[in-house]
Amino acid sequence: MTVSSLCHASLAFDDAIAILSSEAHALGHESIALGAAAGRRLAEPVVARIDGPRWDCAAMDGYALRNCDLDVGLRHFALRGEIVAGDDALIAVATGSTMRVMTGAPLPDGADRVVMIELCEENGGTVEIRAVPGGKPHVRRRGSDFTAGQTLLDKNRELTPVALVAAAAGDVSHVTLWRQPRVHIIATGDELVAPGEAASRAYRIPDSLTAAIALLSRQWGGLVVRETRTGDDPRAIRDAFSKDDDVTIIIGGASRGNRDFGRSALAPFGLRLLFADVAIKPGKPSWYGKVGEAHVLGLPGNPTAALTVARLFLAPLLAGLGGGEPGSALEWTRLPAAHDVERQAEREAFLIGDTVGGAARLLDRQEASAQLLLGQATILIRRPARAARSREGSLLPVLPI
């Protein structure tokens, strides 16, 4: 579908999400050093290269000996030396002998129990067992945690701190990850200047969205490769655009005003518009399309509208392109309403709010251009079109923002 042939009829939010999700396919994979893979998602399982532990070892500091010696009543043992973690020269313990071992140290040949230091008394070259140990032998057997060839982490697992521990323990230096979507943010508007410059320039306003959209992109797995600010100039937008970027986000110019060039600027590239004019509030002028395999998302210029739309559409797009499920970015939960919520009008609404005492509260002013209240928002509250008045305590669908 071309830009000119797209019908002006509004599309339901769920239908728009279905279209976007059908296009949000994983981009491929790459091998990355484990230390640089934090927060990324696995494209292939992580498999152990070694056993864990690699040998029978001491589970605590103590003395390694033969359990059968204790069974026959021996309580005094000849001390043959000490083993610490990392030692590779082991001395076997015979009947009546012991070696002091540190936690993680390899168990000497012949030993099958570690007696805690607290139960022993060392005197010269002799160790006396003052209390007969019971229960666990305090020995970690080779491969008791995992074995070489065992899957440690499944495909699509996010590499959280705990996941990194498991991968490193398996002696894995590189992991295969889904490739991160390369994101380019283009903020349009003759009035925009970098934050910090507006006070000295008449009739200019700070670009309050680029940094926020960049952070949201990174939170959902995107790799922000460029940030561009242009005026309301279709040529400048075209010059900034590149098919090499996996996702281009155009902020502003989404409506049909005389200075709104977001869509038309990309028409010469063969923009295939997949949806536009979504029946939501705020953010009705939002649009999504593709130029070849490159994804383009058009956001309104009003800050609350833009950030709301980015949370609703950009987050699932990046999740899908990065190897996850688009729907994982839209996991709505239900919270009780902190107050009565008025009947919803004809368009579905996504309203900014926060939580108080475990309940969802709408913020006072729901305006597409609001920025002060946006800074206080922690959730979006979904209100279906023509929803009846919701009483205090009734459950509302909410999404973290």
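Student: How many salt bridges does the count come to?
Tutor: This is a predicted model, where local features need pLDDT of at least 70, side-chain atom pairs count only at pLDDT 80 or more, and totals for chains, interfaces and linings use all residues. Numbering of residues starts from 1 along each chain as its sequence is written, and side-chain values use heavy atoms, with hydrogens and water left out. A salt bridge is a side-chain nitrogen of Lys or Arg within 4 Å of a carboxyl oxygen of Asp or Glu. By this rule the count is 23 salt bridges.

Student: Which residue meets Glu 342 in a salt bridge at 2.5 Å?
Tutor: Side chains of opposite charge can pair when their charged atoms come close. For Glu 342, the N to O distance in the salt bridge is 2.5 Å, and the partner is Arg 389.

Student: How many residues apart are Glu 342 and Arg 389?
Tutor: Strands (E, at least two residues) and helices (H or I, at least four) are DSSP runs, numbered from the N terminus. Glu 342 sits in the loop between strands E22 (333–336) and E23 (348–356), and Arg 389 in the loop between strands E25 (379–383) and E26 (395–400). The pair links distant parts of the chain, and its members are 47 residues apart.

Student: Is Asp 354 buried or exposed?
Tutor: Asp 354 forms a salt bridge with Arg 361, with 2.8 Å between the closest N and O atoms. Relative accessible area under 20% means buried, over 50% exposed, and in between partly exposed (1.4 Å probe, protein chains only). Arg 361, at 34%, is partly exposed. Asp 354 has 11% relative accessibility, so it counts as buried.

Student: What is the N to O distance in the salt bridge of Arg 130 and Glu 121?
Tutor: Arg 130 is partly exposed at 47% relative accessible area, and Glu 121 is partly exposed at 42%. Their side chains meet in a salt bridge with an N to O distance of 3.8 Å.

Student: What is omega of the cis peptide bond that joins Gly 52 and Pro 53?
Tutor: Pro 53 is in the loop between strand E2 (46–47) and strand E3 (57–58). The peptide bond that joins Gly 52 to Pro 53 is cis, with omega at about -10°.

Student: Which residue is joined to Pro 282 by a cis peptide bond?
Tutor: Pro 282 is in the loop between strand E19 (280–281) and strand E20 (287–291). Omega of this cis bond is about -5°, and the residue joined to Pro 282 is Lys 281.

Student: What is the phi of Asp 171, which is not a glycine?
Tutor: Asp 171 lies in the loop between helix H3 (161–169) and strand E12 (174–178). Asp 171 is partly exposed, at 38% relative accessibility. Its phi is positive although the residue is not a glycine, at about 65°.

Student: In E6, what is the bridge partner of Ile 83?
Tutor: Two strands pair if DSSP finds at least two bridges between them. Strand E4 (residues 62–65) pairs with E6 in the antiparallel sense over three bridges, while strand E5 (residues 76–83) runs parallel to E6 and is joined to it by four bridges. The bridge partner of Gly 62 in E6 is Val 101. For Ile 83, the bridge partner in E6 is Val 101.

Student: What is the radius of gyration of the chain?
Tutor: The radius of gyration is taken over C-alpha atoms, and the globule rule is 2.2 Å times the number of residues to the power 0.38. The C-alpha atoms fill a box of roughly 95 × 50 × 45 Å along the principal axes. A compact globule of 401 residues would have a radius of gyration near 21 Å, but this chain has 31 Å.
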